[in-house]
Amino acid sequence: MKSNEVWKTGVVYQIYPRSFMDSNQDGIGDLKGIIQRLDYVQSLGVDMIWLSPVYQSPNDDNGYDISDYCAIHPDFGTMEDMEQLIEEARKRNMKIIMDLVINHTSDEHRWFVESQKSEDNPYRDYYIWQKKPNNWTSFFSGSAWDRIGDWYYLHLFSKKQPDLNWKNPRVMEEIQSIMHFWLKKGIYGFRCDVINILFKTSLANGKKRLVLTGKEHYHSQEGCHHILKKLRTDVLNQYDCFTVGETVMVTPKQANDLILPERQELDMVFAFEHMETDQINNKWFKTRFSANRFMKVIKTWQEEVHWNANYLENHDQPRSVSRFGNDQTYHPESAKMLLSILLTLKGTPFVYQGQEIGMTNGDFKSIDAFKDVETHRIVALAKKLHFPKWYIWHMLKTASRDHARTPMQWTKEGGFTEGTPWIQMNANKATINVDNQLNDPHSIVCYFKTLVQLRKDYAALTKGTFRALKTQNNVFVFERKHQDESIIVVANMSAKPRRFNPLVTGKILLSNTNRNDLTNGILKPYEAIIVLGESL
Ligand code: TEU
Ligand code: CA
């Protein structure tokens, strides 16, 4: 299946097409825009691009509600543009992976339009219909069921995202042919949306919970493993490609059950546990970030999981520098520190557009400025529960997915569009932008490029083992080792100076403070150092 296994050694850059680059001034990023910026992406040194959905969609959930898997949304361009993008990327030695959203379709998908027509429609069993809803709740809050006529259908996300019925073999056939369609066009694999909840073992009522009542009936079920094995053996193994699963609420054990090579399912998964280190119970209840908790979670996953898909940001998460760093006093330092960790951990790093310049959370001024369906659902629920206004605002300012979705900041004027952007740009584009940073050798983006290059120069970073040396007092020290080569990464994850022990010796390969010796054992706020070790 894998010729040179770029997916194991390379770096992935995630593009959220709506917000990357607009080529025709309608305010919406598009495929031609991506092609215009491909030289920039290549200059970062990355090997793969993950494209969030560009398929035909009514955009209830920005493309994660697909109404035609084999067509491009006109907002983004045409199938020719897509083919050209794959080709232009190939010329630049980059591979494209696409989103595979197969837990649900749009309610405007032809299958669902047919399905709702009658009980004996051939598409009826493509979805999950019941005369009576059960008590399951949706990821976007509220009941997971909605009614059409006398029947209810299941939707674990918005009501415009009905869940497919994976017990129906015809659904399997349809999805397989869609996968062939794209793999034949030369893509290098898929990021598989919420892939561990596909199979609904039973539709019985769930144990009542604060969030996701019903989850025990669909989370990480045996049936899901069968589906993944079948997709792998029937389709994926015929191509040079890989898959990364988005797997909500998984433990390291469940992750391994999905990715161990002998199991022939996925190649790696995105876990969520490290993203829970600044919240209580639920993403909407943010609390102070605990670096100590974060390091412990990372250590466990690094030690226990066969191969990690490492990430600190994506289109669903607030910006890492605003969340785990400090986007004011220590903006460049903390952005570089976080990137240092991300690019040196064992596994495949996924960087999200704008992260390489330290883009921050959005500067939204009103609830209306937010566009995301999930955000508006939570506002409705919070109002219903009489949450105070200030708290609702706090939830949005800290946790909305739209913080990741503000347009890419290319120039001090913006550079994303000459029209009106579909979602507001951050005013800090005046200082945080690609243009500025490419002209400054000390910028975050230049530091990022150096990190990517280090991964190419030192096999320990791509092939090495992981050993944690310190995960306390906000200081993260770990070693990556391959044969005789040992790389030690030291990071102060806090705004206070910290002592670092054990004593590290060797040659400094990179530091975000221009440090040139290791004799001073005090780390500056958010300092990061990468050392070619004299074995410890
Ligand atoms: O996300 C699934 C998911 O569970 C969350 O990360 C989700 O974004 C939400 O914040 C839960 O509170 C995937 C996609 O990445 C997301 O953009 C889609 O909205 C979702 O699936 C449905 O397709
Ligand atoms: Ca456009």
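These are my notes on two ligand sites in a predicted model.

**Ground rules.** I number residues from 1 along each chain, letter chains from A and number ligands from 1, each in the order written. In this predicted model, local features need pLDDT of at least 70, side-chain atom pairs count only at pLDDT 80 or more, totals for chains, interfaces and linings use all residues, and side-chain values use heavy atoms, without hydrogens and water.

**Calcium ion, ligand 2.** I looked up its protein donors (N, O and S atoms within 2.8 Å of the metal, 3.2 Å for Na, K and Ca; water is not among the atoms, so sites may look incomplete). They are Asp 22 (OD), Asn 24 (OD1), Asp 26 (OD), Ile 28 (O) and Asp 30 (OD). They lie 2.2 to 2.3 Å from the ion.

I then checked exposure (buried is under 20% relative accessible area, exposed over 50%, partly exposed in between; 1.4 Å probe, protein chains only). Asp 30 is buried, because its relative accessible area is 2%. Asn 24 has 46%, so I count it as partly exposed.

**Ligand 1.** I find 19 residues around this ligand, taking those with a heavy atom within 4 Å. The closest are Asp 61, Asp 193, Asp 316, Glu 374 and Arg 401. By class I list 7 nonpolar, 3 polar and 9 charged residues.

Next I looked up polar contacts (N or O pairs within 3.5 Å). A side-chain N or O atom of Asp 316 is 2.5 Å from a ligand 1 oxygen. For Lys 283 I note 2.8 Å from a polar side-chain atom to a ligand oxygen. For Arg 191 the side-chain value is 3.0 Å, again to an oxygen of ligand 1. Alone, ligand 1 exposes 490 Å², and the protein buries 94% of that.

Technical notes. A polar contact is a pair of N or O atoms within 3.5 Å; within protein, one must be able to donate a hydrogen and the other to accept it, and residues adjacent in sequence count only if both atoms are side-chain atoms. Accessible areas come from the Shrake-Rupley method with a 1.4 Å probe; for residues, only the protein chains shown count as cover. Ala, Val, Leu, Ile, Met, Phe, Trp, Tyr, Cys and Pro count as nonpolar, Asp, Glu, Lys and Arg as charged, and the others, Gly among them, as polar.
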